[in-house]
Amino acid sequence: MKRPISVNMSKRFRLMEVTSPKDISEVNLAERVIFKLPMALQNESDFLKYIDLSNKAKLDEISSTEDKLRFIKTRGLVNILFSRDNGGENPIWKLNSYGKPYIEGWDKDFSISHTRDLSVVAVASEAIGIDIEDNSRDIDLEKFKRTKFLNFDEGAYNNKEEFLMRFTALEAYLKYLGKGFYKDARTISVKKIDDGIVIDDGDVIKAEVIKDGGYTISIVIG
């Protein structure tokens, strides 16, 4: 009997757990889907066969077993989605000037994030950034507050949950820009307004923050 696939709904995204390429056989990329890839399931061979030659070369440079597994699953998933969206064509991976990966000629943007036991992949027709953090990780809130590395409102340091909402939103925004921390985070205001996270970087954009099974996931999409 086929195992039921875990699907949760947020305001604008569908969260879908993927343990095998078969799980995404009927996915429509016209939807906004966040793919969740558990790392505990050591079935990398199912995804490895979808890794292209350029990514296999990069894989050989990774020493950590855990990092290899994350790479295989997330890049393999992106390759599957690209191939299905482009009539079986093989992907050509590139890096922008800030090191963000993209696939040449694809009219979709994608973003990848990892935490200890879970990876997530977001794919959209617009620019997108995603970040995930494990809520159980140790965070020295006072240290972050003292360093003034981040431009968060005071409520960010009330507790770990409040901090992670803002931190994942900032990371997702930087990935959305395609620049990562090449951009000075101190110039970006991140604050909680009502129940949402608002980012002000000259222009204002909202991040959607999702609490999911002990993880905080933020998505920024334009």
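**Close-up 1. Ile193 of the predicted model stands opposite Gly196 in strand β10.** Strand β9 (residues 189–193) and strand β10 (residues 196–200) pair in the antiparallel sense over five bridges. Strands pair here if DSSP finds at least two bridges between them. Helices (H or I, at least four residues) and strands (E, at least two) are DSSP runs, numbered from the N terminus. Two residues lie between β9 and β10 in their hairpin, where Asp194 takes a positive phi near 60 degrees. This is a predicted model: local features need pLDDT of at least 70, side-chain atom pairs count only at pLDDT 80 or more, and totals for chains, interfaces and linings use all residues. Residues are numbered from 1 along each chain as its sequence is written, and side-chain values use heavy atoms, with hydrogens and water left out.

**Close-up 2. β10 also joins strand β11 (residues 204–212).** The two run antiparallel, with four bridges. Ile199 stands opposite Ile205 in β11. Three residues separate β10 and β11 in this hairpin. In the turn, Gly202 has a positive phi of about 100 degrees.

**Close-up 3. Phe35 and Trp106 touch the most other members of the largest nonpolar core, which has 26 residues.** A nonpolar core is a set of buried Ala, Val, Leu, Ile, Met, Phe, Trp, Tyr and Cys residues joined through side-chain atoms within 4.5 Å. Buried means under 20% relative accessible area, exposed over 50%, and partly exposed in between (1.4 Å probe, protein chains only). Two or more residues each come from β3 (33–38), α3 (65–85), β6 (109–114) and β7 (118–124). α3 gives the most, with eight residues. Another core, of 23 residues, lies apart from this one; Met165, Leu170, Tyr173 and Ile197 are among them.

**Close-up 4. Trp106 and its contacts (heavy atoms within 4.5 Å).** Leaving aside neighbours within four places in sequence, Trp106 is in contact with Leu29, Val78, Leu81, Phe82, Asp85, Asn86 and Val123.

**Close-up 5. Ring pairs link Phe144, Phe152, Tyr157, Phe163 and Phe167 into a cluster.** The whole structure holds nine aromatic pairs. Rings of Phe, Tyr and Trp (its six-membered ring) pair if their centres lie within 6.5 Å; planes under 30 degrees apart count as stacked, over 60 as edge-to-face and the rest as tilted. Phe144 and Phe163 have ring centres 4.8 Å apart and planes at 40 degrees, so the pair is tilted. Phe144 lies in helix α4 (residues 141–147) and Phe163 in helix α5 (residues 160–177), so the pair ties together parts 19 residues apart in sequence. Phe144 is partly exposed at 25% relative accessibility, whereas Phe163 is buried at 1%.
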